Amino acid sequence: MVVTSGIERAIQYYHAFSEYLLEENKPYKAIIAFSGEHEYGGVKVTESSLNGFASNLIPDKIQEDPYRFLIVAEKIPDRLR
C-alpha cells in the first residue's frame with residue numbers, strides 16, 4: 001500500500017505504477033482509492049473510472065490476482081459521507 005499526500009499525487013503514482021508494470025511486462029496491476037471526483041489532465045476521474053470496476057469492490061479485488069498495489073489518498077468511507 002502506498003499512502004500519498006493527496007489525490008493528485010495518488011493519480012500520478014497510479015499512472016507511474018501502471019506504466020512501469022506494463023513496460024516491465026509484469027502480470028500485476030495497481031488499484032487506486034480516493035473519495036469523490038478529481039480533475040486530472042483536463043479530465044474528471046474517479047477511482048471507478050481509473051480502476052475499471054466499482055469502488056465497493058476494492059476490498060475484494062485487492063485480495064485477488066493480478067492486483068498487488070493499492071495507492072490511496074483522502075479516502076473517506078461511504079458510511080461517513
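User: Is R68 buried, partly exposed or exposed, and at what relative accessibility?

Analyst: This is a predicted model, in which local features need pLDDT of at least 70, side-chain atom pairs count only at pLDDT 80 or more, and totals for chains, interfaces and linings use all residues. Residues are numbered from 1 along each chain as its sequence is written, and side-chain values use heavy atoms, with hydrogens and water left out. Buried means under 20% relative accessible area, exposed over 50%, and partly exposed in between (1.4 Å probe, protein chains only). R68 counts as partly exposed, at 43%.

User: Which residue does the side chain of R68 meet in a salt bridge?

Analyst: A salt bridge here is a side-chain nitrogen of Lys or Arg within 4 Å of a carboxyl oxygen of Asp or Glu. For R68 the N to O distance is 2.4 Å. The partner counts as exposed at 58% relative accessibility, and is D65.

User: What is the N to O distance in the salt bridge of E37 and K44?

Analyst: E37 is exposed, with a relative accessible area of 51%, and K44 is exposed at 56%. Their side chains meet in a salt bridge with an N to O distance of 3.9 Å.

User: In β5, which residue is the bridge partner of V2?

Analyst: Strands (E, at least two residues) are DSSP runs, numbered from the N terminus, and two strands pair if DSSP finds at least two bridges between them. β1 and β5 (residues 67-72) pair in the parallel sense over two bridges. The bridge partner of V2 in β5 is I71.

Technical notes. Helix = DSSP H or I, 4+ residues; strand = E, 2+ residues; numbered from the N terminus.
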